[in-house]
Amino acid sequence: MRVATGLRLGPILRKTTETTATVWVETDAPGTVQVRAGAAAASAETFTVHGHHYALCEVGGLAPDSAEPYTVEVDGEHAWPPASSPHPPSLLRTLPGPGGPVRLAFGSCRTPTDHSPGAVARYGPDALRAYALRLSGRRAAAGGHAGEDEPTALLLIGDQVYADELQPRMAAHLAEARGRASGERAAAAPPDGEVVFYDEYAELYRQTWTDPDVRWLLSTVPSLMLFDDHDVRDDWNTSGAWRGEMDASPWWRRRIVSGLGSYWVYQHLGNLTAAQRAEDPLFTGVRRAAAAGRDAGAEVDAAALRAHTEPQSMLWSHEHTVGDGRVLMVDARASRDVADDAERSILGGPGEAWLDERLRGGTRHLVVATTLPFLLPRAVHHLEGWSEALCAGAWGGRLRGFGERLRRALDLEHWAAFRRSFNAVAGALVQVAAGERGAPPSTALLLSGDVHFSYLARARPRRAAGAAAAAGRTVIAQLTSSPLCNRLPGTFRRAAWLSARRTPAAAGTVMARLAGVARSPLTWGLDEGPWFGNAVATLLLDGERAEVRWSFAAQGCGSGSPLLEDGPTHVLSPH
């Protein structure tokens, strides 16, 4: 007799289309999961990875731009929503059809604190939790119905979990679990304060996503996700030297396998439709193991190890059509080619081809979400280009080691530190704006996080001919929103502010030119920012119009729950 199980984590509303919605869950034990939304329903058997049980249910037959309350059952027992929830019912949200307005909320870098006064003093109030409380309050005021200004989707673009900077509760869990460790765990000598094994990652995800307010938000707003370095480890894939040093560590292979495998389960699978998952050889293998009653940990580990040893063997980027926009979620971390300092690629060969094929017109809005800012403040941009040239031997072999140490110390590993990749994408954006890759869109917008401050930068083609061709047609802009909850120390705030000033930018230009760094096809500057508060940004796409607004978290009075304070709206469309 099968024992009824409940939810360990979730439900999380993931990939949606105009007529379908995917719900991801982790259960306490193997079982059958069913999602019901009005007359529509879907069920799935769980699959098991390293003793943890998961299911994805894609509910079909939904109406475009609809919002239907739903429930989750596990083995026929009600599991969601909880009877004691203070929040309105969770809704299955579908995408609008062409012509409908789209609101994309986005952000990155969230440390899961306990919201205590000490945590707020260190990290600031949690903007994602504040966003959840605002949405919940508005839903409750509307009788549980979705409002017209609700987000169409939430883009979580990097550092959903911090595997190398643990909060006290997670650190205590590791200390207790490792106190009983034997075998591989003891022999691998895992580092204190960092997760290494799959079950440790599973607990880290559970602690990060089970804050009651954030859990409700993830259950009711469709989300798309990308990883950055802290989902695995700080500076992950910065350089070939970094990879070599990490591969020599006795615990690193288990860590990278666990990090990539857990990312595939907890984040990547939900970015796909059922049809796309069916085409994934790893998912096919996992389902085959489930049908045979086996744990699929070996299959996931093998695929994750291959993704590490052959970084270009797995494509983590994904594409979505949302209203009149094309949204490209671009992995700039896992598939890097860093073997040769002179021929580095932030995307790897297959990733470059995938993105170049999709940097096209024929859509009203082209949205490229990449965890690392494409357009940095100019001083930092030139410093990163100079650093890459230094590491490649532009000023002689003796300075290469210094360049590598500087690159790691200052985190000089954004798009600007991969100048070949940067110039290829910048050139493609110039062509898009000039109508050389199909009918030019109204906007080409780059959404990013990572740097723990927010800003708006507008760009234009450097070439006079390209600028004339693009005039009045396509707005190119960088929209950076970071962090959700992770305050930047004062010294780094001052450095970020200084990097946006003209004199440091001019000095950086000179250094880059002396090192032989070629000029970019784009020129840009910061229009707004930098801002340093914890924030969520919202991008509105409505016809030819595009607008963006940053909302900043503030600590409320009385209950102490965080609030969101809206900043001004910035118009991005050409007219």
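## A buried threonine

Leaving aside residues up to four places away in sequence, Threonine 111 touches Tyr123, Tyr162, Gln167, Cys485 and Asn486 (contact means heavy atoms within 4.5 Å). Threonine 111 sits in the loop between β11 and α1 (117–123); helices (H or I, at least four residues) and strands (E, at least two) are DSSP runs, numbered from the N terminus. Threonine 111 is buried, with a relative accessible area of 2%. Buried here means under 20% relative accessible area, exposed means over 50%, and partly exposed is in between, with a 1.4 Å probe and protein chains only.

A word on the ground rules: this is a predicted model, where local features need pLDDT of at least 70, side-chain atom pairs count only at pLDDT 80 or more, and totals for chains, interfaces and linings use all residues. Residues are numbered from 1 along each chain as its sequence is written, and side-chain values use heavy atoms, with hydrogens and water left out.

## A six-stranded sheet

Now for the strands. An open sheet of six strands runs in the order β13-β12-β11-β21-β22-β23, with mixed pairing; two strands pair if DSSP finds at least two bridges between them. β13 (223–226) and β23 (562–571) stand at the edges with a single partner strand each, so one side of each has no neighbour in the sheet. On average, neighbouring strands of this sheet are turned by 20 degrees against each other, direction ignored.

β22 (residues 545–555) and β23 run antiparallel and are joined by eight bridges. Along this pair, alanine 554 stands opposite leucine 563 in β23. Helix α2 (residues 127–141) lies across β11 (102–107), β12 (153–157), β21 (535–542), β22 and β23, and runs at about 90 degrees to β23. For such angles, axes are lines fitted to C-alpha atoms, for helices over the stretch in contact, and the angles run from 0 to 180 degrees between N-to-C directions.

## A hairpin with two faces

Strands β3 (residues 32–37) and β4 run antiparallel too, joined by six bridges. Valine 35 has alanine 42 as its bridge partner in β4. The hairpin of β3 and β4 has two residues between the strands, and glycine 38 takes a positive phi near 60 degrees there.

Which residues of β4 are covered, and which are uncovered? On strand β4 (residues 40–45), the covered face holds Ala40, Ala42 and Ala44, while Ala41, Ser43 and Glu45 make up the uncovered one.

Most residues other than glycine have a negative phi, and most peptide bonds are trans. Here are some exceptions. The peptide bond from tryptophan 80 to proline 81 is cis, with omega near 0 degrees, and proline 81 is in the loop between β9 (77–80) and β10 (91–93). The bond from serine 482 to proline 483 is also cis, with omega near 0 degrees; proline 483 is in the loop between β19 (475–480) and α17.

Histidine 50 has a positive phi, near 50 degrees. Histidine 50 lies in the loop between β5 (47–49) and β6 (52–59) and is partly exposed, with a relative accessible area of 31%. Asparagine 237 has a positive phi near 60 degrees and belongs to the loop between β13 and α7 (240–247). Asparagine 237 is buried, at a relative accessible area of 1%.

## Pockets and cavities

Grid points are joined across faces, edges and corners, and a volume is the space filled by probe spheres set on the points.

The largest pocket holds about 1,000 Å³ of space. Its lining has 38 residues, with Leu410, Asp411, Val451, Leu488 and Phe492 closest to the centre. α17 gives the most to this lining, with five residues. The second largest pocket has a volume of about 490 Å³, and His268, Leu272, Gln276, Leu315 and Ser317 lie nearest its centre among 22 lining residues. α13 provides the largest share of the largest cavity's lining, four residues.

Technical notes: 1 Å grid on protein atoms, 1.4 Å probe; cavity = no way out; pocket = protein on both sides within 12 Å on 5 of 7 lines; lining within 4 Å.
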